[in-house]
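Let's walk through this structure together, one feature at a time. Have the sequence and the 3D view open as we go.

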Amino acid sequence: MKAPSSLGRLGPWAVLAGIALLAALPAVMHNQYYQNMLLLTFLFCVLGNGWNIMAGYAGYVSLGQSAFLGIGAYTAAILAVRWHVSPFLVAPLGGVAAALFALVVGLVVLRTRGHSFVIITIAFLFIMQIVALNWSGLTNGSTGITLPLPPFHKPWQTAPFYWYMLALAALSLWMSAWIRRTKFGMGLIAIREDEDKAGAVGINTTIYKVTAFMASVFLTGVAGGVYAYYLTFIDPIGMFSILVSVQTVLAAMLGGRGTVWGPVLGAFILEPLNEASYAYFGSNQSHLIVFGVAMILIVLFLPRGIIPTIGDWWTARTAAVRAASGRAQAAAAGEGDPA
């Protein structure tokens with residue numbers, strides 16, 4: 001199958017080599033701390049790539065992405081406990097549940113735009129948290145759900161989760177790049193630029209937006225199931241946390257909203273920053289200051305993110321070099337002409 005062009009520009013073999021290198025790390029490095037940090041980085045890659053499909057391509061910024069992480073986590077946890085099967089096996093059903101929720105919710109909330117859509121997604125996140133807290137018969141309420149302990153030996157106890165999440169991150173990157181280069185992706189960008197004009201030229205904006213919404217949350221839901229098994233315990237406060245949504249948006253904006261590699265770059269910057277803030281401020285809420293300051297700095301100095309900013313700088317530099325070269329050639333040609 002042909003690689004998406006955005007990946008192709010970087011070099012498909014370079015991408016595969018990078019993934020293979022990351023996949024090999026647990027075999028040569030049994031440090032659980034670094035494996036955990038990379039696993040969470042992959043999780044934010046999945047979340048950021050999904051968010052980017054809806055917010056970066058279609059222009060609908062959501063702060064409720066973690067709601068679908070929670071839906072996937074609870075779906076996998078409930079099914080695994082009741083069916084007595086490995087959560088790994090039912091994690092894809094978490095993605096199906098998240099996509100179905102996106103279908104139902106998207107038909108209603110995608111009628112709004114701009115700030116109204118942002119506020120509704122926040123409200124949806126808290127509604128899901130309240131439902132999980134109060135539907136004790138299904139979710140155990142505030143008591144939460146305890147999943148079976150993974151049957152892996154200690155040196156390898158994180159590796160299966162690491163590889164599963166890495167595969168999801170790679171798949172989310174491929175899906176984002178594939179959507180970006182298709183007619184469907186072009187339609188989403190047309191909606192982002194001017195939704196009314198996109199509808200006028202024949203794009204069924206409702207179908208495009210709802211389909212994008214479902215695609216943006218499917219792998220997030222699967223990742224939720226894997227993350228729940230990794231934690232072996234979930235509760236409504238942890239799984240439907242707005243902080244996770246904020247970190248997802250921060251990662252995508254830092255790397256470059258609307259670009260294929262932006263959420264990936266942002267995730268690889270954000271998670272080490274997250275670990276550093278926890279190490280410095282502890283587990284209290286003071287580390288939120290770090291994310292607040294980071295968000296302000298990005299909005300002020302990198303409003304388009306790192307990748308677009310570097311791209312603009314490189315384009316301007318290349319144009320300046322070509323212009324200087326052209327002037328030098330013209331001057332040399334002038335000196336060579338007979339007086």
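Q: Let me start with an arginine: how exposed is R304?
A: R304 is partly exposed, with a relative accessible area of 48%. Buried means under 20% relative accessible area, exposed means over 50%, and partly exposed lies in between (1.4 Å probe, protein chains only).

Q: Before we go on, what should I know about the model and its numbering?
A: This is a predicted model, in which local features need pLDDT of at least 70 and side-chain atom pairs count only at pLDDT 80 or more, while totals for chains, interfaces and linings use all residues. Residues are numbered from 1 along each chain as its sequence is written, and side-chain values use heavy atoms, with hydrogens and water left out.

Q: Which residue forms a salt bridge with R304?
A: A salt bridge is a side-chain nitrogen of Lys or Arg within 4 Å of a carboxyl oxygen of Asp or Glu. Here R304 pairs with D312, and the closest N and O atoms are 2.3 Å apart. D312 counts as partly exposed, at 39% relative accessibility.

Q: Which residues do salt bridges with shared partners join into one network?
A: The network consists of R113, E195, D196 and K209. By this rule, the count of salt bridges comes to 5.

Q: How far apart are the closest N and O atoms of D196 and R113?
A: They are 3.1 Å apart, and the two residues form a salt bridge. D196 lies in helix α10 (residues 195-200) and R113 in the loop between α5 (87-109) and α6 (114-134), so the pair ties together parts that are 83 residues apart in sequence. D196 counts as exposed at 52% relative accessibility, whereas R113 is partly exposed at 43%.

Q: And what does R192 pair with?
A: R192 forms a salt bridge with E193, with 3.0 Å between the closest N and O atoms. R192 is partly exposed at 32% relative accessibility, and E193 is exposed at 57%.

Q: How many helices and strands does the chain have?
A: Helices (H or I, at least four residues) and strands (E, at least two) are DSSP runs, numbered from the N terminus. In this chain there are 16 helices and 2 strands. The radius of gyration is 22 Å, close to the 20 Å that the globule rule gives for 339 residues, so the chain is as compact as a globular protein of that length. That radius is taken over C-alpha atoms, and the globule rule is 2.2 Å times the number of residues to the power 0.38. Along its principal axes, the C-alpha trace spans about 95 × 55 × 45 Å.

Q: What share of the chain is buried?
A: Buried residues make up 47% of the 339 residues. Contact means heavy atoms within 4.5 Å, and residues 24 or more positions apart account for 80% of the contacts with a separation of 6 or more.

Q: Is helix α13 largely enclosed or open?
A: 11 of the 14 residues of α13 are buried, so this helix is largely enclosed by the rest of the structure. Among those buried are V244, V249, L250 and M253. Helix α13 (residues 242-255) reaches 20 Å from its first C-alpha to its last, close to the 20 Å expected at 1.5 Å a residue; the expected span is 1.5 Å times one less than the number of residues.

Q: Where else does phi take a positive value, in a residue other than glycine?
A: H84 has phi near 60 degrees, and N140 has phi near 65 degrees. H84 sits in the loop between α4 (65-83) and α5 and counts as exposed at 69% relative accessibility. N140 lies in the loop between α7 (136-139) and β1 (145-146) and is partly exposed at 40%.

Q: Last one: is E271 buried or exposed?
A: E271 counts as buried, at 0% relative accessibility. This residue lies in helix α14 (residues 262-281). Not counting residues up to four places away in sequence, E271 touches M37, L40, T41 and F44.
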